[in-house]
Amino acid sequence: MDSNKKYWKGLEELNKTPEFVEKNKHEFAEPIPIEDVLTGGGLAGATPRRDFLKALGFGVGAVTLAACQKVPVHKSIPYLIKPEEITPGIANYYTSTYEGHAILVKTREGRPIKIEGNPNDLLSKGGVSAQAQASVLDLYDSNRLKSPVRDNTEYGWSQTDNFVKKELTAIKAGGKKIRIVSSTISSPSTLAVIADFIAQYPNTKHVVYDAVSYTGIIQANQNSFGKAVLPHYRFDKADVIVSFGADFLGTWISPAEFIRQYVQNRNNKSLEAKKMSRHIQFETGMSVTGTNADVRMPIKPSEEGIALVNLYNAISGTTLPGSKKLNNSNADKAITIVAKELLAAKGKALVVAGSNDVATQILVNSINSLLGSYGTTIDLDGASRQYAGNDAGLVEVISEMNRGEVDAVFFLNANPVYDYYKSKDVADGLKKVRLKISFATYADETASLCNIIAPNHYYLESWGDDNAIEGYYTIQQPAINPVYDTRQAEQSLLLWSDNPVKEYYTYVRNNWDKNLMAKGGLSGQKGWETLLQTGFVKEAEKPAGTYTFSHDLNAVAQTIIDHSNQIAEGNKMELQLYQSVAMRDGKRANNPWLQELPDPVSKVTWDNFAALAPADMKKWGYVDGDLVTIDANGYSVTLPALSQPGQTQGTVSVAVGYGRTSAGPVGLNVGKNAFPFYSLRNGTFQASAPATLKATGDNSPLAQTQTHHSIEGRNSIIKETTFKEYLKNPASNSGKDEEHKTYSLWDEYDHPAYNWVMAIDLNACTGCGACVVACSAENNVVVVGKAEVMRRREMHWIRIDRYYSFNDNGEGGTTREKEIAKLEDLDNVRVVYQPMLCQHCDHAPCETVCPVLATVHSSEGLNHMAYNRCIGTRYCANNCPYKVRRFNWFNYWNDSRFDNYLQNEHTQLVLNPDVVTRFRGVMEKCSMCIQRIQAGKLKAKIEKRPLKDGDVKVACQQTCPANAIVFGNANDPNSEVSKALKSERTYYVLEELDVKPGIGYQTKVRNISEIEA
C-alpha cells in the first residue's frame, strides 16, 4: 500500500520505552520460580481440590441432578438428531434463541457446554458474538439465586405466591399504581403474559427502558414518518456507508448481524467481482467500527451535530442555521467529498449516527431521505424490535415512586439502581413502594433493595420465543432442567394473575398454535416438532412501503446547535461514554471469559479507563495508568488514564458496564461505574458532557495484552493495499511478485490423506473477539485474572493482534518538529486486525528444540502437543516466531488463589469432555480443534462415505460473524480453503523464515479516495 508504512502494536513499542525494551530483551519473559516450586512456597496457598470446591460452595449435585433428569422437562427436539435419548460421548444439539438470533446449544450428557450459531439464522447466518459464546458459562454460576428470597431470607415458592397474591389483591382494591419495569422485551409470548397480567390488574403499566438507549432514533422516526420504530439497517445493500459515532461493528444495535452484512461487500468474493463498499467514519474515540473504516475522521462530540448539518447542506444545496467549520480541517474537507460520494451512490447509500438525540436523528433521517435510502438500505416495515425503550417512561416511574403513587413495582431484566444516571432517586423511590419484586437471577443492585426476589430461570433452562425483527420469530427451548429452585418470571406472573393457563410451556405452545406457526406454514404437533428442529419461522416478505420525510429542519438544526453548545462548555474536556465489546451494559460483569477478553482496540482487560489522545497525555505529563479524576454532570470517578491513538484531542472516552457493586465475585468492583455521567436532555439520555480532569498523583497499571510480544520491525506480518491498486494488480503488496530463494534444513512431509490448513481474510476480520471466547469454551482454556495478565501469562490460544500504522516518511526537521509530527500522526492512525494462532508449520521450529518430543508433526499437517511428555522447558515458546504458545504457571482451574476468577462450576461442569485440561508446567497452544477433526472422520466412517468439505469446522471458524476464517483439507482442490488460498491476495506471515506455516492470510484492502490524498 505504502512502501514506507510503519506498523507497531502499541505506544511502548513505537517509543521504545525502557520498560518495553527491558521486558523484551530476555530469552524468556519471566523465569520459572524454581526455588518456590522446590520448597513448596509457590503453592503454599493452595488447597486440595475437594476442600477448594467445598470452600466455594461447589454443589455439583444440583447440576448433576438437573442433567440426569429427562432432558428437558417437555419434549424438546434435538437439532436434526433422532432419536433424542442421550448417548454417552455423543453431543446433542438443541435449537434456542439468544437476543433474537437463532442458536444451537451443544449438550454432553445433559450438560450445555457450548453455544453455536444456527447456520440458517436470518440475522447472522451462524455467526455468534462473544457475549453469546460466553453466556453458557453463566448457567453454572453458583452466585445465582437458588430459591426465592423475602427480605434477604430464603422463602419457599408457595409462601412467596401466597404473600404476593395477597399484597396484589390489597393494592388493586386500594387503587394505587402497579408498574412493571423491564428492558426491551421482544418475545411475543412474554408480552402476551404481561398483557394478561395488566388485564387482571388494570392499574398496571408496563414501562420499557434500556441501559443504553435508542429512544432518540425511535422518536425521530415517529416525528419524521409517523412510525415509532427502530429501523432494520441493511449494510449489505450499501455501496457508501457514512457513520457518525455509530459503532455498528462493535456494540450498536445488532453487531453480529451488521458484521455479516458489512463484509459481504468487502470479502474475497466481493473483491474478485471487482466490487468494494466505501466506509467513512466520523467519531470521537477509536471504536471497532472506526478501526475498520476506509477513512476515519476524529471529531469531538460537540461537532457531530454540526458535521451532520454541514453534510445536509452539501447534499441538499440549502443552508440550515448553525453551519460552521469543524476544528479538524480534514474533517471539513471530507464532508464535502462525502456528500458527492453519497449522491453518486443514491439508492445505495446509508448514513447512521450513534447519538441518542432526537433532533440529530431527525436530521439523519432527512439526509437518508434525500439519498433514497428508505426501502433499500433502511427498512422501516421489517423494523427491528431489539430495542424499544422509552427514556421518559423510566423517569416518570421514578417520579411516581417518589411521590408515593406506586404500591407495587416489578423489575424484569432491569437494574436501574445500577444503570440509571440518578440511582439515588431510584433507591429513595423504592423506600416508598409497598411491594417490590425483582425477577433477577442474581441479588443485583436493584434486587437487593426489593422485599421479594423471585429468581428467573436462565435462558438455557427456559421455554420462550423472540421476535428480533418484524416477521422473524425464533423459539427458545430448555437444554437442561433448572439447576436451582428458580421459576420463569412469566410463570410467576401467570400464577399471580390467576391465569387459567398455569404452566408457561403450555402458554407458549398455545400462543404459537394460535398466532405464530401459521406465519411459517406450520401447524399441529408435526409443525411444532419441525419448529423445534429448525428453531424459527419467517413470514413471507411484504412489499416495501413508501415513506416521505416531513419536518421543519430549521428548528431541528437550532436544537442541534444548542445541544452542541451545551457539550462544548468553555475550555473543558468533552466526555464521551461508550460500550465495550466485552462488557456492553454490564449485565454479564460476573462472567470471567468476558472480563478477560481483551478490548479490540486498547487490549485492556479487567478494567475500564480514561482514554485520552497522546497529545493531551503529553501536554499534561500523564503516563499510562496515572489516576485521573473525571468530574461531569455532578458526578466524579477516578480512573487510570490510557494514551489511545486515534482519540480526538480535547476529549476523554470512558466505557460503561463496569463498577458493579452487586455482581458476584468476578465482577465486583471491577472498574468504575460511568452510567451516572449520563444526563437527560430533550427527553432522552445523552452520553456526552463537558468534563474536567485532575491527576491524583497515583498510578494503577492496566492489564493490557497487546505489547507482550514485539514484532522487531519485521514488515512481512501485515500486508495492505488500496482498492485502486488491487484493481490494477490483485496481487498488489501481497509479496507474490517477489521471488525468494530459500534453503531448508528440514525434511519435507507427505500428507497422503489430509492436509489441514486455514485461510484468514484480513479484509473480513473486524477484530470483534468472538473467536477468542469460542476457542476458550471449546478447548477448556483457563482464565488467569488481572494480576496474571499483567505478568504476560494470559492463556488464550487465539489472539487478535491490533496493529497501528502511519506513514514514516523519515523527513528532516528538528527533534521537536518530528515529535510534534508524530503526535499529529497518532490522531490519524490506521488499524489492522490479525487473528494469530499456532500456524501449524511444516517446518515447525518448536519441534526441533523440544528435548522430549512433546510437540511433534502429524501426517495431516498438524503440530501436535503430548501434554504428558512436556516437562516445561519452554524452548518451544522461545523458538516460535509467532509467540502463540502458552505456559501453565499454575493449575489455574484447580488452585484456590484464583477463586476470584474461576467460578467453581466453571472448573468442571462447562468443560468440554473431549479436550483434556492442562496442568502446571505444561505448554499448550491451538490444536486446530483436533477433537472436531476426529469427530468428523468418525461420522463419515459411520455413514460409510468420504469426509466432505465442511464436515469439520473449527470453533473460531464456526463462530465468526464475518466468515473471515476458513478451514479445510488442502488436498481437496475444490475445498473452500483451497479456493481461498489460491487468491492473489494470499500471503504467509514471516514467510521469509521458511517455516512453511499452514495458515494463509489475505491482504487487507482499503477503499480510500481523495479524502486521504
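**Notes on the predicted model: strands, a helix and some ring pairs**

1. Strand β3 (residues 101-108) lines up with β4 in the antiparallel sense, with 6 bridges between them. Keep in mind throughout that this is a predicted model.

2. Stepping back, β3 belongs to an open sheet of 3 strands, ordered β2-β3-β4, with antiparallel pairing. The edges are taken by β2 (92-98) and β4 (111-117); each has a single partner strand, so one side of each has no neighbour in the sheet. On average, neighbouring strands here are turned by 35° against each other, ignoring direction.

3. Now for β10 (residues 240-244), which is mostly covered: 5 of its 5 residues are buried. In a regular strand, side chains alternate between the two faces of the sheet. Which residues of β10 point one way, and which the other? Val 240, Val 242 and Phe 244 go one way, Ile 241 and Ser 243 go the other, and all are buried.

4. Strand β21 (residues 573-579) has 6 of its 7 residues buried, so the rest of the structure largely encloses it. Its pairing with strand β29 (residues 688-699) is antiparallel, over 4 bridges, and Glu 574 stands opposite Pro 690 in that strand. With strand β26 (residues 651-656), β21 pairs in the parallel sense over 6 bridges; here the bridge partner of Tyr 578 is Ala 655.

5. Helix α16 (residues 391-402) passes a simple length check. At 1.5 Å a residue, its 12 residues should span 16 Å, and the end C-alpha atoms are 17 Å apart, which agrees. At the start of the helix, a side-chain oxygen of Asn 390 comes to within 3.1 Å of the backbone nitrogen of Ala 392. Just past the other end, Gly 404 has a positive phi of about 80°.

6. Which residues of α16 are buried? They are Asp 391, Leu 394, Val 397, Ile 398, Glu 400 and Met 401.

7. On to the rings: the structure holds 36 aromatic pairs. One of them is Tyr 418 with Phe 675, an edge-to-face pair at 5.4 Å centre to centre and 80° between the planes. This pair links distant parts of the chain: Tyr 418 is in helix α17 (residues 416-419), while Phe 675 is in the loop between β26 and β27 (679-681), 257 residues apart. Tyr 418 is buried, with a relative accessible area of 4%, and Phe 675 counts as buried at 0%.

8. A second pair, Tyr 505 and Trp 528, has ring centres 6.3 Å apart and planes at 70°, so it is edge-to-face. Tyr 505 lies in helix α20 (residues 504-516) and Trp 528 in helix α21 (residues 524-534), so the pair ties together parts 23 residues apart in sequence. Both residues are buried.

9. There is also a ring cluster: ring pairs link Tyr 233, Phe 235, Phe 248, Trp 252, Phe 258 and Tyr 262.

10. Last, a loop residue. Thr 705 is found between β30 (703-704) and β31 (720-722). Is Thr 705 buried or exposed? Its relative accessibility is 14%, so it counts as buried, the cut-off for buried being under 20%. Neighbours within four places in sequence aside, Thr 705 is in contact with Pro 598, Lys 603, Thr 605, Val 789 and Glu 794.

Terms used
Residues numbered from 1 in each chain as written. Heavy atoms only, no water. Helix = DSSP H or I, 4+ residues; strand = E, 2+ residues; numbered from the N terminus. Expected span 1.5 Å × (residues − 1). Buried < 20%, exposed > 50% of the residue type's maximum accessible area, 1.4 Å probe, protein only. Polar contact = N/O pair within 3.5 Å; in protein donor to acceptor, adjacent residues only side chain to side chain. Contact = heavy atoms within 4.5 Å. Pairing = 2+ DSSP bridges. Axes fitted to C-alpha atoms, helices over the stretch in contact; angles between N-to-C directions. Phe/Tyr/Trp six-rings, centres within 6.5 Å; stacked < 30°, edge-to-face > 60°.
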